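Open your viewer, load the model and get ready to pick out pieces one at a time. Each stop below tells you what to select and what you will find there.

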Amino acid sequence: MGTRISAVLFDFGGVLTTSVFKAFEAFGTKLGVDPRLPLRLLAKDELSGALLVEHEEGRLGQRDFEDGFAERLRAHGADVQGPGLLSLMQTELRPDQAMLDLVAELRNAGHRVGLLSNSLGDDCYAGFDLESMFDAVAISGEIGVRKPSRRAYAIACERLGTEPAETVMVDDLEHNIVAARRAGLAGIVHHEAATTAEELRALLHLDVATETTQAAAAHEAHKAHKAHEVQATRADAQSDPRSR
């Protein structure tokens, strides 16, 4: 029998927020270039990719990344400057409340829940109280390694206090999930809250746990109701003159 999954690691951007892809495309549109240009440069342009890796691993500050990436964008026809670039890139990102509710649901059900995120900018987590939301947090810029490195998953599991085999990673990038599985974790490629919640509940046997909890609650409610009926009957008997 395989190890039972009992803990969850969540990615941040594109999982706990709206789509990063759509946000970056909106940014490209604002620049007046091909909407796909920013993502294409980060994924396929060697210089842009190197800037991103160094920044996400904490070896390159936000301002230096912004200046360097702005230069690469200008080389491809965009009229843009470095200062404030990351804020512009992430303007369209919004919290996904359904996913935030899911994180809380899993913790309330007794599962350990952590965050493993590749950081992008100094303020990308503004408005999120990560320490209160999660049992453990691993941010690439702080731990010095990024997904899809095997070490990133290992550190996140260590901080969460779980073994990889009992942990599932939720990420919107398929290659990060492929890497997680190679590191010994289970994985879910996130597309939308409803399907991710369904997959997680199945992996964690939450439906069974919920049914058991509901049955126990119903049993306790029934016992309380019967006790109340007995007390009411005794009270009526004591107040009835015919019982004296």
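## Stop one: the middle of the sheet

Select β1 and β4 to begin: they run parallel and are joined by four bridges. Strands (E, at least two residues) and helices (H or I, at least four) are DSSP runs, numbered from the N terminus. Now click on F10, whose bridge partner in β4 is V170.

Before you go on, a word on the model: it is predicted, so local features need pLDDT of at least 70 and side-chain atom pairs count only at pLDDT 80 or more, while totals for chains, interfaces and linings use all residues. Residues are numbered from 1 along each chain as its sequence is written, and side-chain values use heavy atoms, with hydrogens and water left out.

Keep β4 selected. Is this strand mostly covered or uncovered? It is mostly covered, with five of its five residues buried (buried means under 20% relative accessible area, exposed over 50%, partly exposed in between, with a 1.4 Å probe and protein chains only). T167, M169 and D171 are buried on one side, and V168 and V170 on the other.

## Stop two: the whole sheet

Select the remaining strands, and you have an open sheet of five, in the order β3-β2-β1-β4-β5, with parallel pairing. Two strands pair if DSSP finds at least two bridges between them. At the edges are β3 (136-139) and β5 (186-189), and each has a single partner strand, so one side of each lacks a neighbour in the sheet. On average, neighbouring strands are turned by 20° against each other, direction ignored.

Zoom in on β2 (residues 112-117) and β3: they run parallel, joined by four bridges. L115 has V137 as its bridge partner in β3.

Now show helix α9 (residues 150-160), which packs on the sheet and touches β1 (7-10), β2, β3 and β4 (167-171). Contact means heavy atoms within 4.5 Å. The direction of α9 makes about 150° with that of β2; axes are lines fitted to C-alpha atoms, for helices over the stretch in contact, and angles run from 0 to 180 degrees between N-to-C directions. Helix α10 (residues 174-182) also packs on the sheet, touching β4 and β5, and its direction makes about 170° with that of β5.

## Stop three: aromatic rings

How many aromatic pairs does a search of the whole structure find? There are three. Rings of Phe, Tyr and Trp (its six-membered ring) pair if their centres lie within 6.5 Å; planes under 30 degrees apart count as stacked, over 60 as edge-to-face and the rest as tilted.

Select F12 and Y125: the ring centres are 4.8 Å apart and the planes at 65°, so this pair is edge-to-face. F12 sits in the loop between β1 and α1 (20-31), and Y125 in the loop between β2 and α7 (130-133), so the pair ties together parts 113 residues apart in sequence. F12 is buried at 5% relative accessible area, and Y125 is buried at 14%.

Together, ring pairs link F12, Y125 and F128 into a cluster.
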